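User: I am new to this structure and would like to learn how to read its features. Could you take me through them in turn?

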Amino acid sequence: MDALLSRITPGQIARFAKIGALLIAFALTAGYVTDRLTLELAGVGAFFLATLTLLALPGQRSSELLGALAIWLTYAEFMAAVQSGQFNLWRWAIVLATLSLVIVPIKVQHLRQLARSNPYRSIAEQDRRIWPASGQSAAPAPYRPAAVVPKMLPDATLPAIGFGPDADGDLVPAGA
């Protein structure tokens with residue numbers, strides 16, 4: 001196992017992917033600015049940009065990255081429309097369809113992984129965004145345990161408010 005591929009680390013791949021993603025982003029920008037970006041080049045460029053961006057930033061969620069790329073490519077299309085005077089709807093549609101084709105295998109793989117881990121639990125219980133491996137502190141607000149709030153003494157200037165039935169009042173407990 002003295003081959004070159006056996007010595008490459010994932011960190012090196014991420015570094016090369018960052019450089020490649022920047023080069024493709026610059027090439028797509030130049031294509032938008034000069035209005036020489038054809039439908040085929042836009043689709044191929046979006047595919048490679050999405051793939052290299054996912055490789056370059058492994059700590060980010062794939063749907064967030066591809067959403068950011070969709071926003072960036074939409075912005076680039078609008079800027080090209082401002083410069084040329086016409087919006088290229090087909091090029092924009094191909095770019096967004098390409099990004100959606102990149103996300104489909106990722107989501108299918110995630111569902112396959114969930115099915116392998118425990119096929120009889122609901123997806124909501126297995127979703128990594130709701131129950132993170134790092135603990136409950138990273139969970140969304142509805143799933144986070146309530147924070148311990150120190151008990152405060154009532155202020156003498158504020159009247160006390162009670163929610164229970166008052167013996168002196170005309171509130172009668174339910175069922176009485």
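User: Let us begin with Phe47. What does its relative accessibility make it: buried, partly exposed or exposed?

Analyst: Buried means under 20% relative accessible area, exposed means over 50%, and partly exposed lies in between (1.4 Å probe, protein chains only). Phe47 has 40% relative accessibility, so it counts as partly exposed. Phe48 has a relative accessible area of 43%, so Phe48 is partly exposed too. A word on the source: this is a predicted model, where local features need pLDDT of at least 70, side-chain atom pairs count only at pLDDT 80 or more, and totals for chains, interfaces and linings use all residues. Residues are numbered from 1 along each chain as its sequence is written, and side-chain values use heavy atoms, with hydrogens and water left out.

User: How many aromatic pairs does the structure hold?

Analyst: Rings of Phe, Tyr and Trp (its six-membered ring) pair if their centres lie within 6.5 Å; planes under 30 degrees apart are stacked, over 60 edge-to-face, and the rest tilted. The structure holds three aromatic pairs. In one of them, the ring centres of Phe47 and Phe48 are 5.5 Å apart and the planes stand at 75°, so this pair is edge-to-face. Phe78 and Phe87 form a tilted pair, 4.9 Å centre to centre with 45° between the planes.

User: Which residues form one aromatic cluster?

Analyst: Phe78, Phe87 and Trp92 do. Phe78 is partly exposed because its relative accessibility is 46%. Phe87 is partly exposed as well, at 31%.

User: Now the overall fold. How many helices and strands are there?

Analyst: Helices (H or I, at least four residues) and strands (E, at least two) are DSSP runs, numbered from the N terminus. The protein has five helices and zero strands. From the N terminus on, its elements run α-α-α-α-α. Of the 176 residues, 24% are buried.

User: What span do the residues of α4 give, and what should they give?

Analyst: The expected span of a helix is 1.5 Å times one less than its number of residues. The 29 residues of α4 should span 42 Å, and the end C-alpha atoms are 42 Å apart, so the two agree. Helix α1 (residues 10-34) has 25 residues and reaches 36 Å from first C-alpha to last, close to the 36 Å expected. α3 has 23 residues and reaches 32 Å, close to the 33 Å expected.

User: What follows α1, and what follows α3?

Analyst: Just after α1 comes Asp35, with a positive phi of about 60°. After α3 comes Gly85, whose phi is positive, near 95°.

User: Which elements cover the buried residues of α1?

Analyst: Contact means heavy atoms within 4.5 Å. The cover for α1 includes α2, α3 and α4. Its buried residues include Ala14, Gly20, Ile24 and Tyr32. For α3, the cover includes α1, α2 and α4. Among the buried residues of α3 are Ser62, Leu66, Thr74 and Glu77. In α4, the buried residues include Arg91, Thr98, Ile103 and His110.

User: At what angle do α2 and α4 pack?

Analyst: Axes are lines fitted to C-alpha atoms, for helices over the stretch in contact, and angles run from 0 to 180 degrees between N-to-C directions. Helix α2 (residues 39-56) and helix α4 (residues 89-117) pack at about 35°, with axes 9 Å apart. A crossing is left-handed if the near helix is turned anticlockwise from the far one by less than a right angle, and right-handed if clockwise. α2 passes α4 in a right-handed crossing. The contact includes Ala46, Phe47 and Leu54 of α2, and Ile94, Val102 and Ile106 of α4.

User: How do the residues of that contact divide?

Analyst: Ala, Val, Leu, Ile, Met, Phe, Trp, Tyr, Cys and Pro count as nonpolar, Asp, Glu, Lys and Arg as charged, and the others, Gly among them, as polar. The contact of α2 with α4 has 12 nonpolar residues, two polar and one charged.

User: Which residues does Ser62 contact, leaving aside its neighbours within four places in sequence?

Analyst: They are Leu54, Ile103 and Ile106. Ser62 sits in helix α3 (residues 62-84) and is buried, at 13%.

User: And where does Ile103 lie?

Analyst: Ile103 lies in helix α4 and is buried, at 17%. Beyond neighbours within four places in sequence, Ile103 is in contact with Ser62, Ser63 and Leu66. Ile103 and Leu66 are 37 residues apart in sequence and 7.6 Å apart in space, C-alpha to C-alpha.
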